[in-house]
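Hi,

Here is the structure I said I'd pass on.

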Amino acid sequence: MTLKLYNTRTKTKEEFKPIDPANVRMYVCGPTVYDYAHIGNARPVIVFDVLFRLLRHLYGESHVTYVRNITDVDDKINTRAAERYPDLPPLDAIAKLTTETTAQFHSDVAALGCLPPTHEPRATDYVAKPDAASDMIRIVQRLIERGHAYEAEGHVLFAVATDPNYGKLARRSLDEMQAGARVEVAPYKRDAMDFVLWKPSAPTEPGWASPWGYGRPGWHLECSAMSAALLGETFDIHGGGIDLVFPHHENELAQSTCAHGTDIMANTWMHNGFLQVEGEKMSKSAGNFVTINELLNSDNFGNQYWHPRVVRFAMLGAQYRQPLDWTVDRLVQARSTLLDWSLHLHDYPDQSEPNNDFIGALSDDLNTPAAITIMHSLAKNRSNISDIRQLKACVKFLAVFHNETQADLLPGNKVTSFEDSKLVEVKINARLAARAAKNFAEADRIRDELAAMGIALKDAKDPATGEIVTTWEIAR
Ligand code: AMP
Ligand code: ZN
């Protein structure tokens with residue numbers, strides 16, 4: 001099976017050829033741990049989890065190394081820690097905030113069915129080493145030695161003008177980048193585009209001893225150091241959200257290639273499109289900011305509780321590079337599909353391998369909508385056991401269903417237990433029997449009774465058998 005991936009670096013969909021098929025290496029920029037992850041942050045985590053699963057399927061489980069870092073040193077962290085824990089010494093407040101936020105992130109993404117990456121480095125572990133220059137400090141030293149960086153007022157800056165390839169990833173000219181980015185103009189910079197590799201810390205701020213004084217790394221440097229330490233100077237795939245192309249990835253690329261004297265940092269650069277909420281950019285001020293935690297645990301979004309499998313399935317309904325409008329309708333639709341499928345999937349054992357069409361769709365630049373269309377067609381013919389088994393292999397592959405009952409997939413408010421959902425099924429069968437006996441008044445009465453419980457019924461004819469199939473969902 002040929003895997004094709006869209007490469008931001010070349011702006012084309014290319015056949016993916018790993019440097020070493022026995023060790024396919026992928027780095028994805030992880031969260032900055034200062035607050036709950038929102039549903040937009042969940043997108044790259046889910047998308048690259050699907051890619052991780054696909055790579056493991058194609059190359060073998062032990063032949064894929066996936067690194068997703070934790071950024072635990074950042075100015076946003078310092079500010080938030082001081083706000084949240086004003087009574088603690090700054091460094092303790094920072095440690096508490098990053099520990100708590102990391103734990104919350106782990107529980108959120110595990111709930112969303114994401115496998116842990118092979119390595120999850122924390123930036124702070126790569127800043128200092130007790131008796132040797134750390135990975136980050138070594139990169140900065142090399143950049144200075146090679147004439148790509150300079151020290152000024154306790155800062156070390158990358159001199160953009162020394163890298164003829166700067167701008168090739170984002171495919172923008174220096175002028176465009178300068179206009180597009182909010183570059184900080186500072187008196188110690190030679191050029192406004194130059195960016196920080198190392199900056200001084202106040203005594204109350206997190207910092208490490210360095211040849212340039214007590215200070216801390218710039219964000220971009222962290223990923224260059226962690227990816228080189230765990231994956232080598234050149235690796236296969238580098239991913240993240242589209243907003244990271246510039247400046248974060250452009251700067252990582254410049255630092256890494258100039259420090260290591262390589263042409264390429266990662267062969268394939270992949271970026272997921274942005275998610276917005278009900279047609280609007282998500283922001284705290286617009287009041288449409290949805291965290292993963294809220295979505296899964298409380299009623300802040302459309303007064304519903306959403307099962308994590310439903311959230312994951314809804315997320316995969318759009319191809320990863322496309323913008324995704326996150327709406328209650330999308331969630332309702334995802335849920336009603338899973339409710340429908342779950343009825344039929346329960347009785348079948350797991351089948352290990354999904355079929356070639358399905359893997360082929362995913363291998364076409366992770367075309368999850370095409371893969372889901374294949375799943376719908378497998379679901380159509382309920383009496384074909386091999387189709388339903390195939391469907392089971394597909395839902396398992398995407399981790400969108402794992403033997404949940406219908407009740408599990410529903411919000412906790414109306415139908416609260418498996419017994420309730422069994423009752424719904426009993427009533428549906430009674431209604432079908434009434435209709436078969438042409439007792440339409442009784443059939444309607446049962447429908448109304450279910451409606452009073454907040455259950456909406458949907459009848460459809462099975463094209464294969466001509467039989468009426470009734471599915472149900474929580475009415476909105
Ligand atoms: P951050 O913690 O802001 O660096 O974001 C972590 C990851 O989430 C990065 O890969 C971002 O590109 C991604 N991301 C942030 N907001 C969104 C969004 N609204 N839609 C999709 N991805 C996003
Ligand atoms: Zn990064």
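Some housekeeping. This is a predicted model, in which local features need pLDDT of at least 70 and side-chain atom pairs count only at pLDDT 80 or more, while totals for chains, interfaces and linings use all residues. Residues are numbered from 1 along each chain as its sequence is written, chains are lettered from A and ligands numbered from 1 in the order in which they are written, and side-chain values use heavy atoms, with hydrogens and water left out.

Cysteine 223 is in helix α6 (residues 219-231) and histidine 248 is in helix α7 (residues 245-260), 25 residues apart, so the pair links distant parts of the chain. Cysteine 223 and histidine 248 are both buried (buried means under 20% relative accessible area, exposed over 50%, partly exposed in between, with a 1.4 Å probe and protein chains only). For cysteine 223 the relative accessible area is 1%.

Helix α7 also holds proline 247. The peptide bond from phenylalanine 246 to proline 247 is cis, with omega near 5°.

**Helix α6**

The expected span of a helix is 1.5 Å times one less than its number of residues. The 13 residues of α6 should therefore span 18 Å, and its end C-alpha atoms are 19 Å apart, which agrees. Besides Cys223, the buried residues of α6 include His220, Leu221, Glu222 and Leu231.

**Cysteines**

How many disulfides are there? Taking a disulfide as a pair of cysteine sulfur atoms within 2.5 Å, the count comes to 0. Cysteine 394 is one to check: its sulfur is 19 Å from the closest cysteine sulfur, in cysteine 114, too far for a bond. Cysteine 394 is buried, with a relative accessible area of 0%.

**Strands**

Two strands pair if DSSP finds at least two bridges between them. Strand β1 (residues 4-7) and strand β2 (residues 12-15) are antiparallel partners over 4 bridges, with leucine 5 opposite glutamate 14 in β2. The two strands form a hairpin with 4 residues between them, and lysine 11 in the turn has a positive phi of about 55°.

There is also an open sheet of 4 strands, in the order β5-β6-β7-β8, with antiparallel pairing. Its edge strands are β5 (149-152) and β8 (215-217), each pairing on one side only. Within the sheet, strand β6 (residues 155-158) and strand β7 (residues 195-200) are joined by 3 bridges, and phenylalanine 158 stands opposite phenylalanine 195 in β7.

Most residues other than glycine have a negative phi, and most peptide bonds are trans. Glutamate 153, in the loop between β5 and β6, has a positive phi of about 50° and is exposed, with a relative accessible area of 60%. Leucine 366, in the loop between α11 and α12 (368-380), also has a positive phi of about 50°, but leucine 366 is buried, with a relative accessible area of 3%.

**Overall**

The chain has 16 helices and 14 strands. Of its 476 residues, 52% count as buried, and the C-alpha atoms fill a box of roughly 85 × 55 × 40 Å, taken along the principal axes.

Cheers
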